[in-house]
Amino acid sequence: MMSVVGAQPFIKPMQPSPSVSPGIQRRHTLPASEVRPLNTQDAISVFEIEREAFISVSGECPLHLDEVRHFLTLCPELSMGWFEEGRLVAFIIGSLWDQDRLTTEALTLHKPRGSTLHIHVLAVHRTFRQQGKGPILMWRYLQYLRCLPNVRRAVLMCEDFLVPFYRKSGFKVLGRCAITVANLTFTEMFYPISGHAYMRRNSEAIRFPEHPLTLPLTKTDEHVDV
């Protein structure tokens with residue numbers, strides 16, 4: 001399971017680069033990146049990435065477009081989008097749930113008083129896959145959840161072939177999920193959220209930004225397993 005290194009913020013502004021000629025800067029700098037909460041204006045981009053990622057594999061989307069808009073209206077602060085030069089390249093959408101295990105109602109409801117964070121979907125644009133962006137975004141999202149005083153665990157449901165991927169991010173298997181979609185069955189997994197007192201003391205340094213911040217890749221990011 002991955003953990004925060006020291007008390008450094010996990011989202012912080014990129015330091016200004018030294019003044020160099022435009023030609024050198026183009027060759028030696030990464031594209032500007034940022035992580036921010038999603039909003040309803042991002043819904044179409046979210047759905048396009050999700051549709052391509054899931055329909056081609058299973059024929060089903062975790063969230064349809066109206067459901068994407070639904071959760072980005074009710075709880076946008078529980079979403080996270082990774083943008084490069086203004087283009088959405090990866091995202092996570094979550095909502096709160098108030099039971100130990102997921103039921104069909106968890107697919108469409110947001111329970112503001114719940115202590116379980118239901119991760120509905122994690123998806124990466126096809127152009128940016130196999131670059132480690134999915135695990136990096138999940139790591140950042142789980143660290144962000146530590147700042148939320150009422151959240152005690154994160155849960156998700158996935159097809160069996162994705163279980164090893166989520167295990168690498170620290171999730172553990174709960175068992176067979178009670179939810180089925182068409183002829184698909186799922187494994188339910190969970191991640192314990194701990195360290196709330198420590199994270200609250202440092203919330204000014206690591207809270208999810210109200211405004212977009214530039215997100216440089218760090219040495220920690222580079223060593224996340226893919």
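**His110 and its surroundings in the predicted model**

Leaving aside residues up to four places away in sequence, His110 touches Phe71, Leu74, Cys75, Leu78, Ser95 and Leu96, a contact being heavy atoms within 4.5 Å. His110 itself is found in the loop that runs between strand E3 (87-97) and strand E4 (116-124); strands (E, at least two residues) and helices (H or I, at least four) are DSSP runs numbered from the N terminus. His110 counts as buried because its relative accessibility is 16%, the cut-off for buried being under 20% relative accessible area with a 1.4 Å probe, protein chains only.

This is a predicted model, in which local features need pLDDT of at least 70 and side-chain atom pairs pLDDT 80 or more, while totals for chains, interfaces and linings use all residues. Numbering starts from 1 along each chain as its sequence is written, and side-chain values use heavy atoms, with hydrogens and water left out.

As for the chain as a whole, it has 8 helices and 8 strands, and 45% of its 226 residues are buried. Of the contacts with a separation of 6 or more, 71% are between residues 24 or more positions apart.

Mean pLDDT (the predictor's confidence in each residue, from 0 to 100) is 80 for the chain, with 70% of residues at 70 or more. Residues 1-30 have pLDDT below 50, with 41 contacts beyond near neighbours in sequence in the model. Residues 196-226 are likewise below 50, and that stretch has 66 such contacts. Where pLDDT is low, the predicted coordinates should not be read in detail.

Definitions and conventions. Buried < 20%, exposed > 50% of the residue type's maximum accessible area, 1.4 Å probe, protein only.
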